[in-house]
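Here is a short briefing on one protein chain. Keep the sequence and the 3D view open while reading.

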Amino acid sequence: GLPCRLTNPIRGCICAFFDAGKPDAVAFRADMDALPVTEATGLPYASVHPGAMHACGHDGHTAMALALAVWAAEHLAELPRNLLLVFQPSEETTGGAKLLCETGVLQKYRVRRIFAFHLWPGLPEGTVWSRPGPLMARSSEVTVSLTGKSVHISKYAEGVDAMTAGAEYLRRAYSMMEQLPPEGPSLLRFGKMTAGEVRNAISGQTRLEGSLRTYSEKMFRFCRQQLQDIGKALAAETGCAVTVHLSDGYPAVWNHEELFAGVCAGLGDSAPALLDQPALAAEDFSFYQQEVPGV
């Protein structure tokens, strides 16, 4: 056993608090859910659950946090702050970080700063990389539904073609993204489109499902308005009923600039190497950064 207090603020979560007798605390987050992937690596630590694998390296995140727990137990008297380790579920699905923040756990333990690691294939092994400011994108799911009128293709002029309208929505949305002002990278891509029932009837329904990635709230609001406006224009032109819905999603991961500078100064030659560009992936660590400075 280690000298820490264990709590379960939300289902599937374990928080370990190491009390060094200091007035405030630093937190480290380890996300630990799996992805729906069957592991075929043959490694000794491979998943034993078919169809579930720590394909985003979450087992590595958890291992690093457990190693920190062992180290902290051995150096408790030397710690400049109390330590809170957050083993968080549901980063990949429902935003476990948001649910955790809503419990007030950071305030309860007087957490003043929070850190996390993310294993990242493609970077040189044994190195740490990061950057101040934007690191990972704001993510929002985009769902577009178009309702027309299905008729036999021999009477197509009497119908309202939701498939053609959906294809035109896709074209205009991508064209809009290509013309965005250069305020950092943004991405919109639709990965799923469903329409129609049979080959010889005009489609009465089309549904587009995709994801929007931006870094600033200003750019997100601009894109959201543009996507809504495209839907209104198509509804007027085609006669289809068009609804465009964007989920709240995850905020952008934005590394606190002063805290990042302090980390680099403290680590000296071991400071993180600087990434040239932020990533277009999303991460719910951003919810903690809405509460306290985080890197």
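Strands here are DSSP runs of E with at least two residues, numbered from the N terminus. By that rule, residues 273–274 form strand β13, and alanine 273 lies in it. The model is predicted. Its chain holds 7 helices and 13 strands.

**Overall picture**

- The C-alpha trace spans about 80 × 45 × 35 Å along its principal axes.
- The chain has 295 residues, and 39% of them count as buried.
- Among contacts with a separation of 6 or more, 78% join residues 24 or more positions apart.

**The four-strand sheet**

- Four strands make an open sheet in the order β9-β10-β8-β11, and the pairing is antiparallel.
- β9 and β11 are the edge strands, each pairing on one side only.
- On average, neighbouring strands of this sheet are turned by 15 degrees against each other, direction ignored.
- The antiparallel pairing of β8 with β11 runs over 6 bridges.
- Valine 142 has leucine 246 of β11 as its bridge partner.
- α5 packs on the sheet and touches β8, β9, β10 and β11. The direction of α5 makes about 170 degrees with that of β11.
- α4 also lies across β8, β9, β10 and β11. It runs at about 175 degrees to β9.

**Helix α4**

- α4 covers residues 162–178, which is 17 residues. From first C-alpha to last it reaches 24 Å, close to the 24 Å expected at 1.5 Å a residue.
- Its buried residues are Ala162, Ala165, Gly166, Tyr169, Ala173, Tyr174, Met176 and Met177.
- Seen down the axis of α4, these buried residues fall within an arc of 165 degrees, so they line one face of the helix.
- The general rule behind such a face: an α-helix has 3.6 residues a turn, so residues three or four places apart point the same way.
- The buried residues of α4 pack against β8 (138–147), β9 (187–195), β10 (205–214), α5 (217–238) and β11 (241–246).
- At the start of α4, a side-chain oxygen of aspartate 161 comes to within 3.0 Å of the backbone nitrogen of methionine 163.

**Helix α5**

- α5 has 22 residues. Its first and last C-alpha atoms are 32 Å apart, close to the 32 Å expected at 1.5 Å a residue.
- Met219, Phe220, Cys223, Leu227, Ile230, Gly231 and Leu234 are buried in α5.
- These residues cover an arc of only 115 degrees around the axis, which puts them on the same side of α5.
- Lys218, Lys232 and Ala236 are exposed, on the face of α5 turned away from its buried side.
- The buried residues of α5 pack against β8, α4, β9, β10 and β11.
- Glycine 239 follows α5 and has a positive phi, near 90 degrees.

**Aspartate 31**

- Aspartate 31 sits in strand β3, residues 25–31.
- Aspartate 31 counts as buried because its relative accessibility is 0%, and the cut-off for buried is under 20%.
- Its side chain makes a polar contact of 3.1 Å with the side chain of histidine 58.
- Not counting residues up to four places away in sequence, aspartate 31 touches His58, His61, Thr62, Gln88, Glu91 and Glu283.

**Aspartate 24**

- Aspartate 24 is in the loop between β2 (14–18) and β3.
- Its relative accessibility is 19%, so aspartate 24 counts as buried.
- Leaving aside neighbours within four places in sequence, aspartate 24 contacts Arg81, Asn82, Arg110 and Arg112.

**Alanine 273**

- Alanine 273 has 27% relative accessibility, so it counts as partly exposed.
- Beyond its neighbours within four places in sequence, alanine 273 is in contact with Val128, Trp129 and Ser130.
- Alanine 273 and valine 144 are 129 residues apart in sequence. In space, C-alpha to C-alpha, alanine 273 and valine 144 are 40 Å apart.

Definitions and conventions:
Residues numbered from 1 in each chain as written. Predicted model: local features only at pLDDT ≥ 70, side-chain atom pairs only at ≥ 80, totals over all residues. Heavy atoms only, no water. Buried < 20%, exposed > 50% of the residue type's maximum accessible area, 1.4 Å probe, protein only. Polar contact = N/O pair within 3.5 Å; in protein donor to acceptor, adjacent residues only side chain to side chain. Contact = heavy atoms within 4.5 Å. Expected span 1.5 Å × (residues − 1). Arc of directions from axis to C-beta. Pairing = 2+ DSSP bridges. Axes fitted to C-alpha atoms, helices over the stretch in contact; angles between N-to-C directions.
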